[in-house]
Amino acid sequence: MKTATLGDLEVSRIGLGAMGMSHGYTGAGSDDDESIRTIHRALDLGVTLIDTAEVYGPYVNEELVGRAIEGRRDEVVLATKFGLISHTGGQGADSSPDNVRAAVEGSLRRLGVDHIDLYYQHRVDPGTPIEETVGALAELVEQGKVRHIGLSEAWTATIRRAHAAHPITALQSEYSLFTRDQEEILPLLRELGIGLVPYSPLGRGFLTGQIRSIEDFADDDFRKDNPRFVGEAFRRNLALADEVQAVATEAGATPAQVALAWLLSRGSDIAPIPGTKRVGRVEENAAADGVELTDDQLRRLDALPPAEGGHHTEEQMRLIER
């Protein structure tokens, strides 16, 4: 697999998001053995960037990833996140230095490793100056517990201040054919030498063309409340997914592969992390590395209107900087 460069960190240009193996989606946590096989197959295919977080579960997703990479640690660029769980009695997106120090110890233990390759602040904490958070992270880098620092869903001012305190390697934020606002911030990331790791690059499954009704979702599937999966917005977004399907048919690829190939065309400093808990899906996603879209196909995809509805609920959006 070809690679992408996030700051000075080289990764496979298609990664694997592990959240859905344990958290958030219908069937999460139902088959850990298949999830571990999926991670192993990803590594076999040259996928190196594996992404998790302490809040997924909580905790159990890191434990799952830890079991999966045992004996294969040197094949993995391991990423996890802190801040949506407080270990010190704080509130909200707790990124106080004390919480950072407590969180990393738990993640190292659950993952069964002595260092984390890419450690993200999961959401910006308005109660803690970003310089204080980054200072604590810089201490972890000095101690060898963390190799690279990342932010998630941060915006311009926070990114500049964080990077001035210590080099930031990557920003992880939602970016896909459905969610294009990261294009506003890409020039800044490139000015500073920060890579972009798009999560939900397949629009939470919408862009695969496999979702035609939300009736198949379990009640605890978080998409049940997502504005893009409700009412008229859902019906309009089906039409966008159909346009991706049309390009996929023409390109001899699947819609998921087309959505990923479009993202990969945006630059060598972009490494999406499609999530799955199935071997067949990770094989499909990894094969997007070899899909080359024509200029005309890229123009048609670029011209698609944004998805109808917000990409998070109002409550979730309060934790996202814009």
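Biologist: Which residues of H7 are buried?

Modeller: This is a predicted model. Helix H7 covers residues 231–251, and its buried side packs against helix H8 (255–264) and helix H10 (295–302). The buried residues of H7 are Ala233, Phe234, Asn237, Leu238, Leu240, Ala241, Val244, Val247 and Ala248.

Biologist: What span should the 21 residues of helix H7 have, and how far apart are its end C-alpha atoms?

Modeller: At 1.5 Å a residue, H7 should span 30 Å. That agrees with the distance between its end C-alpha atoms, which is 31 Å.

Biologist: Are H7 and H10 roughly parallel or roughly antiparallel to each other?

Modeller: The axes of H7 and H10 come within 10 Å and cross at roughly 170 degrees. Angles over 145 degrees count as roughly antiparallel. H7 and H10 are therefore roughly antiparallel.

Biologist: Which glycine just after H7 takes a positive phi?

Modeller: H7 ends at residue 251. Just after H7 comes a residue with a phi of about 70 degrees, glycine 252.

Biologist: Where do H4 and H5 meet, and in which crossing does H4 pass H5?

Modeller: The axes of H4 (residues 130–143) and H5 (residues 156–165) come within 9 Å and cross at roughly 40 degrees. That makes H4 oblique to H5. Ile130, Glu131 and Val134 in H4 meet Thr158, Arg161, Ala162 and Ala165 in H5. The crossing of H4 past H5 is right-handed.

Note on methods
Residues numbered from 1 in each chain as written. Predicted model: local features only at pLDDT ≥ 70, side-chain atom pairs only at ≥ 80, totals over all residues. Heavy atoms only, no water. Helix = DSSP H or I, 4+ residues; strand = E, 2+ residues; numbered from the N terminus. Expected span 1.5 Å × (residues − 1). Buried < 20%, exposed > 50% of the residue type's maximum accessible area, 1.4 Å probe, protein only. Contact = heavy atoms within 4.5 Å. Axes fitted to C-alpha atoms, helices over the stretch in contact; angles between N-to-C directions. Parallel < 35°, antiparallel > 145°, perpendicular 65-115°, else oblique. Left-handed = near helix turned anticlockwise from the far one by under 90°.
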